[in-house]
Amino acid sequence: MSKKFCIVCGKEDVELIDNMCPSCYIKTKKLVEFPPVILGRLCKICNAEWIDGKWIRLAETEYDAVRDLILRYLAKEIKLDKNVKDYRIDVIKKWKERNGRSFTEIVIEGKVGSKAFRLKKKVELRLNYSICDDCLKRKSGYYEAIIQLRGKKEFSEEKRALFESFFTNETVHSISDVKISREGIDYYFINKTAAKRLISTVTSIVSAEIVESYENETIKNGKREAKLVISVRI
Ligand SMILES: [Zn+2]
Ligand SMILES: [Zn+2]
């Protein structure tokens, strides 16, 4: 009976993958094929990413947004040798070169058989920075709802602080304008749902008087549209 050996280095009685020991397999084969360029689109104001035809906000900082984008792109576009397993991809850094082009350095760690490998690769980053729909609405003063915060007897900074302590990320990103008057504060929301969600959280904890009404009713494309006004007294 013939002994099993690596066809590259001749080592005998070793683990073989396609007739090679793991070390020779790693040296000989092209384990990873990176895409030549990473493409993506981000909002330059809020870092939302354009994913499958929609703007989605996942990251707070630009660095995280770009990193998420790179990893998502690679998950779709990277090609791995069929014997690569237990792999992990990460972004080491990104930078801009003097010619204005951006690059990123990617590392992939994984295993072939029982042997670990680590590869690094510089890939061009071609990102398109634009303004997402929400930021566009906010910039143009668009709003769907107003929350009018007032005091039951009188308004105070403490009441404002209490109310704003219920703000979530969603709330903050939905507010397009804030108007302060002597009686209280008006918060303008680009998104009716965010305003309603805030109110239901507040009323589940704080005793508040809520009155909902509609104003500025118009007909747009055959549909009735009106601004929701929610008066809140706390
Ligand atoms: Zn070998
Ligand atoms: Zn945005």
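This dialogue walks through a predicted model of one protein chain.

Colleague: What should I know before reading the model?

Modeller: Residues are numbered from 1 along each chain as its sequence is written, and chains are lettered from A and ligands numbered from 1 in the order in which they are written. The model is predicted: local features need pLDDT of at least 70, side-chain atom pairs count only at pLDDT 80 or more, and totals for chains, interfaces and linings use all residues.

Colleague: How many helices and strands does the protein chain have?

Modeller: Both are DSSP runs, numbered from the N terminus: helices are H or I with at least four residues, strands are E with at least two. The protein chain has six helices and 13 strands.

Colleague: What does the radius of gyration say about the protein chain?

Modeller: The radius is taken over C-alpha atoms, and the globule rule is 2.2 Å times the number of residues to the power 0.38. For 234 residues, a compact globule would come near 17 Å, but this chain has 28 Å. Its C-alpha atoms fill a box of roughly 95 × 40 × 40 Å, taken along the principal axes.

Colleague: Into which domains is the protein chain divided?

Modeller: Domain bounds come from an automatic or database domain assignment. Here they give domain 1 (22-131) and domain 2 (141-233). The C-alpha centres of the two lie 41 Å apart.

Colleague: How do I read strand pairing?

Modeller: Strands of a sheet pair through backbone hydrogen bonds, either parallel or antiparallel. Two strands count as paired if DSSP finds at least two bridges between them. Take β6 (residues 84-96) and β7 (residues 102-112): they pair in the antiparallel sense over ten bridges. Arginine 88 stands opposite glutamate 109 in β7. The two strands form a hairpin with five residues between them, and glycine 100 in the turn has a positive phi of about 90 degrees.

Colleague: Which strand pairs with β7 over eleven bridges?

Modeller: That is β8 (residues 115-130), again in the antiparallel sense. Lysine 111 stands opposite alanine 116 in β8. This hairpin has two residues between the strands, and glycine 113 takes a positive phi near 60 degrees.

Colleague: In what order do the five strands of the open sheet run?

Modeller: The order is β10-β11-β9-β13-β12, with mixed pairing. β10 (175-180) and β12 (209-220) stand at the edges with a single partner strand each, so one side of each is left without a neighbour in the sheet. Neighbouring strands are turned by 15 degrees against each other on average, direction ignored. Axes here are lines fitted to C-alpha atoms, for helices over the stretch in contact, and angles run from 0 to 180 degrees between N-to-C directions. β10 pairs with β11 (residues 184-189) in the antiparallel sense over five bridges. Aspartate 177 stands opposite tyrosine 188 in β11.

Colleague: Which helix lies across β9, β11, β12 and β13?

Modeller: Helix α6 (residues 192-205) does, running at about 25 degrees to β13.

Colleague: Which residues touch the most other members of the largest nonpolar core?

Modeller: A nonpolar core is a set of buried Ala, Val, Leu, Ile, Met, Phe, Trp, Tyr and Cys residues joined through C-beta atoms within 7 Å. Buried means that 20 or more other C-beta atoms lie within 10 Å of a residue's own; exposed means 12 or fewer, partly exposed in between, with C-beta atoms placed from the backbone. The largest core has 16 residues, and Ala145, Ile147, Phe189 and Ala195 touch the most other members. Its largest share, four residues, comes from α6. A second, separate core of 15 residues includes Ala48, Leu69, Leu74 and Ile108.

Notes:
Contact = placed C-beta atoms within 7 Å.
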